[in-house]
Structures are given as structure tokens and as C-alpha cells.
Amino acid sequence: VHVTGVTVSEHQAEAARERCRDLPVDIQLMDYRSLSPAQRFDRIYSIGMFEHVGLRNYRTYFDCVHRLLSPDGVFLLHTIGSNVSERANDPWIERYIFPNSLLPSMAQIAAAIERRFIVEDWHSFGPDYDRTLMSWYARIRAAWPALTERYDARFRRMWEFWLLSSAAAFRARHVQLWQLLLSPRGIPGGWPEVR
């Protein structure tokens, strides 16, 4: 395979280039909307990014993926999702943690993919993410002595609060973690589910 990774984060691009050195991986520092319409991909994966696209950009996002995906390709969308449709983010998260983010609902995703994709699979595994967040929390606490030169106590409190409140939201099933497998025309016979 040949992999093309796209990010708007200089730090993420630098880390990815280092990790993928000597592999057939091309990391591009650019907005996904700037990918050439002439490029076609057999597989597209979007992991942990859709929450930052913004409600008003959902259709543009899926149009772009549809344009870049080969007709017999598949697209995996990995996103945290909300049980209810909101139009604005939690004000505290908006201000301190993830500006311009929003957790999409099933209805919002469905409306945006309508007439663009066939849903081959919609997998929900939110309860597992509670454990992931708690692991991150434990690792930050353990590493904190080495981080004090770069981050202050206020930063630590904000991120610990976010990690713990997010874990609680997953544990209480107020938010979900989804992976959608989408195809432009439908896979003949369907996608073989493996769980």
C-alpha cells in the first residue's frame, strides 16, 4: 500500500513523518479540502477529526470524501458522537479545550451522508472509551512531574477535569464512540462484518 496522511497540525505532521520514516507514507501539511480532485483513494480513514469539522461543514466534508474516494472504495469515519443533536458545543469545552468543535449526532451524520454514501456498518463502542480516557488520566498524573516545566497547574486542572468528565459521559452513555463504514455505491453482497 501507499499511504497519504493529511493534517493541518505542524507538530502532528512532524511526528508522523518521523514515525513513518522508511515506509511508503506521505504526510502532507494541508487542509483536507485542498487535496487535488484528480487524486483518488481506495480507502479513506478519518480518525478523531470529524468532531472538529463543524456542523455547517458536514456536507462539504462528505462531498470532499466522496470526490476523493474511488467508486468501489470504502470510507471509515471514526468519531465521538452525541445522543442528541446540538448546534453549539459546551461553552467550557469550547473556550478551554476544543474551540470550534461539536459532537455530531446520528441524525446529523445521517443527513449529511444522505445521497452521498451507503452505510455498510455502524459500530458503537463508547463504553470502551471510558477505559481509554481513564488510562490517559493515569498516564498524565504519573508523568506530571516531568511536565511541570512546560505546563502550569491551571492547565493540569483543566485537562484532568476534561478527561474525567469525558470518561463519566461515556460511562453514563451520554456520548458514544462510533465507526461508520461507508461506500459510494454499496458493496455487492455487503461488507463482511468482523467483530
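1. Let's start with the pocket. Which residues lie nearest the centre of the largest pocket? They are Val6, Tyr45, Ser46, Ile47 and Met49, and 43 residues line the pocket in total. Its volume comes out at about 1,600 Å³. Keep in mind that you are looking at a predicted model.

2. Where does that lining come from? The elements that give two or more residues to the lining of the largest pocket are β1 (3-7), α1 (10-19), β3 (41-47) and α2 (58-68). Strand β3 has the largest share, with seven residues.

3. As background, strands of a sheet pair through backbone hydrogen bonds, either parallel or antiparallel.

4. Now look at how β3 meets β4 (residues 69-82). The two run parallel and are joined by six bridges. Which residue of β4 is the bridge partner of isoleucine 44? That would be phenylalanine 75. Phe75 also belongs to one aromatic cluster, together with Tyr32, Phe50, Tyr58, Tyr61, Phe62 and Phe117.

5. Staying with rings: a pair of aromatic rings is described by the distance of the centres and the angle of the planes. The structure holds 19 aromatic pairs. One of them joins tryptophan 92 and tyrosine 96, and it is tilted, with 5.7 Å centre to centre and 45 degrees between the planes. Both residues sit in helix α3 (residues 91-97), four residues apart, which is about one turn of the helix. Are these two buried or exposed? Tryptophan 92 is partly exposed, at a relative accessible area of 26%, and tyrosine 96 is partly exposed too, at 27%.

6. Another pair is worth a look: phenylalanine 98 and tryptophan 162 are arranged edge-to-face, 5.4 Å centre to centre and with 80 degrees between the planes. Phenylalanine 98 lies in the loop between α3 and α4 (106-113), while tryptophan 162 is in helix α6 (residues 153-171), so the pair ties together parts that are 64 residues apart in sequence. Phenylalanine 98 is partly exposed, with a relative accessible area of 27%, whereas tryptophan 162 counts as buried because its relative accessibility is 12% and the cut-off for buried is under 20%.

7. Check the loops as well. Alanine 38 has its place in the loop between β2 (25-29) and β3, and it is exposed, with a relative accessible area of 69%. How far apart are the C-alpha atoms of alanine 38 and leucine 68? They are separated by 7.9 Å, although the two residues are 30 residues apart along the chain.

8. Finally, two backbone angles to inspect. Aspartate 22 is not a glycine, yet it has a positive phi of about 70 degrees. Aspartate 22 lies in the loop between α1 and β2 and is exposed, with a relative accessible area of 77%. Asparagine 100, also not a glycine, has a positive phi of about 65 degrees. Asparagine 100 is found in the loop between α3 and α4, and it is exposed, with a relative accessible area of 59%.

Definitions and conventions: Residues numbered from 1 in each chain as written. Predicted model: local features only at pLDDT ≥ 70, side-chain atom pairs only at ≥ 80, totals over all residues. Heavy atoms only, no water. Phe/Tyr/Trp six-rings, centres within 6.5 Å; stacked < 30°, edge-to-face > 60°. Buried < 20%, exposed > 50% of the residue type's maximum accessible area, 1.4 Å probe, protein only. 1 Å grid on protein atoms, 1.4 Å probe; cavity = no way out; pocket = protein on both sides within 12 Å on 5 of 7 lines; lining within 4 Å. Points joined across faces, edges and corners; volume = space filled by probe spheres on them. Pairing = 2+ DSSP bridges.
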